[in-house]
Amino acid sequence: MSSFRKYPVGIQSFESIRKDGYVYVDKTPLIYKMITEGKPYFLSRPRRFGKSLLCSTLEALFQGRRELFEAFTTEDGIEQPQLFIATTNWKWEKYPVIRFDFSQGKEYTVAALERMINFTLSKYEHEYGLTAAGENGFNIRFISIVEEAHRQTGQRVVVLVDEYDNFMLHSIGDCQLEDGVRTIFSNLFGSLKSLDDHLQFVFITGISKFSQMGIFSTLNNLKNISMLAKYEAICGITEEELTTQLKPDIEQLAQNRGKTLDATFEELKKMYDGYHFSRRMTDIYNPFSLINAFDSGEIEDYWFESATPSAVIEMLSKMPPIQLTDIDGVTCSEEDFDVPFDSYKYPIPVLFQSGYITIKEFDSEYHEYVLGLPNSEVRRGLANCLYKYTMPARGIDTNKNALFRAYNRFGRSGDLAVFIEAVKTFFSGIPYQLTDKGEHHYHVVLYTLLTAFGADITAEESTAKGRADLVLKMPGRIYVIELKYDDSADAALAQIRQRGYADKYRSDGRPITKVGISFSSAERNITEWKSEE
């Protein structure tokens, strides 16, 4: 794809983005507010949401590199605009910066973590002329670096810690590794509070705060801005930023795809919008997916596979199983957002902190949050993930692929009979022990599969007189589906009619088809189905 703008796919260096002419969404208004209003901060955001770039921007800022924030022309002739902070009264003093980046970990062992920390400390010991004294431990070496940096420069020190919990995530379930990682971090950062007189600014990022894990017990002065309204957009892209700073990119994407600007915007919104990080409920778009879409010229799934740590999937597999139908609309209190990973008893906190579900509503009277899936990209990716745990048996992927092809043909032709035959073929390949679970099991499996295929489908859709099992919206028609177990398709259709499940869709303009499907406990499959307009 040829483009008149460059997109920083996989680039997390603020200096590289600015000097090499890449697009940068200006987050310095919020950065300026943060650095002038406080000192020690903690920010939790999902992976691939811009935390590393934010740390890199802070590093350049505190190093006094004003030239990166002013307007300038790159060596390739690309005009880079002036950023907000360059218009403020920020003094642009040069502070010593100590940055730990744990996002690059590949081997998750105590020895690997020690090597990574030793490498970082050695680098700063060399910079300030200190002799590495490994026998003193990380804590003493870190204190010595901070105090010496302050003494030599006359400026207090900035400490940036990026993705501190990367090793913690990969230690869950391994008690020996978990204790080792916790001990190392507690030792390394336990002195931060006592170093307050030597510190100008402290910023720590991760997915989870890991309450009660011992790491932050001595850092109770950290200000957690993860759910504060004024900082909700410090990572990610707001709709205002998308339609102003990134408007040329939407126009280019629309042109490349042969679509209108409005249609392209709606597709981007459906696929990548929907995250909320405070009660104010400002819509936040996934930055990783947006940048990849602009760069490739295609609106596809980008985030789920790249941002799903194997440790999170491993955790989910060990917890009580959760079904896709259980996620949308689940409620929780604010305390549920700040739970240590090793004490999780159910998957909701893992899913929230990892970015797979988000805040959908806030009830101020009861201080209760309603959570749900943010967008189509995550819905489809999570459906595929949960499908693997719903159907762990081997040998049924072929039928799944056949069903996917049948669903696509169904979308083009509207041939319901052929599609239902494909559904029957799929269910016929499911092992006996997985199908002997009643109507709800078939309901969940069908819903999860169609969601994984990218269908516009809702489960347990509420109406005035009850809840429809499934509502499938295709481009040219809406299907209201009721499932019955050891009962007739006629009974299913009668329930749709009597309870008016289809009535709420009459204003849509698309034709509506009611579908009654009967499953048999003896056959463990669909034995009858009927439809009517």
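Predicted model: local features only at pLDDT ≥ 70, side-chain atom pairs only at ≥ 80, totals over all residues.
Residues are numbered from 1 along each chain as its sequence is written, and side-chain values use heavy atoms, with hydrogens and water left out.

Phe 102 has a ring partner, Phe 185. Phe 185 is buried too, at a relative accessible area of 0%. Rings of Phe, Tyr and Trp (its six-membered ring) pair if their centres lie within 6.5 Å; planes under 30 degrees apart count as stacked, over 60 as edge-to-face and the rest as tilted. Here the centres are 5.1 Å apart and the planes stand at 80°, so the pair is edge-to-face. It links distant parts of the chain, 83 residues apart: Phe 102 is in the loop between β4 (97-101) and α4 (110-127), and Phe 185 is in helix α7 (residues 175-189). Helices (H or I, at least four residues) and strands (E, at least two) are DSSP runs, numbered from the N terminus.

The count of aromatic pairs comes to 32. Ring pairs also join Tyr 41, Phe 62, Trp 90, Tyr 95, Phe 201, Phe 203 and Tyr 231 into a cluster.

Now for the empty spaces. Rolling a probe the size of a water molecule over the atoms shows where empty space is left. On a 1 Å grid over the protein atoms alone, a cavity is a set of points where a 1.4 Å probe fits but cannot get out, and lining residues have an atom within 4 Å of a point. Grid points are joined across faces, edges and corners, and a volume is the space filled by probe spheres set on the points. The whole structure holds 2 cavities of 30 Å³ or more.

The largest cavity contains about 100 Å³ of space. Of its 13 lining residues, Leu 416, Phe 419, Ile 420, Ile 481 and Ile 517 are the closest to the centre. Helix α18 (416-428) is one of the elements that supply at least two lining residues, and α18 gives the largest share, 4 residues.

The second largest cavity has a volume of about 80 Å³. Among the 11 residues lining this second cavity are Pro 40 and Asn 221, and strand β6 (residues 199-206) gives the largest share, 3 residues.

Key: 1 Å grid on protein atoms, 1.4 Å probe; cavity = no way out; pocket = protein on both sides within 12 Å on 5 of 7 lines; lining within 4 Å. Buried < 20%, exposed > 50% of the residue type's maximum accessible area, 1.4 Å probe, protein only.
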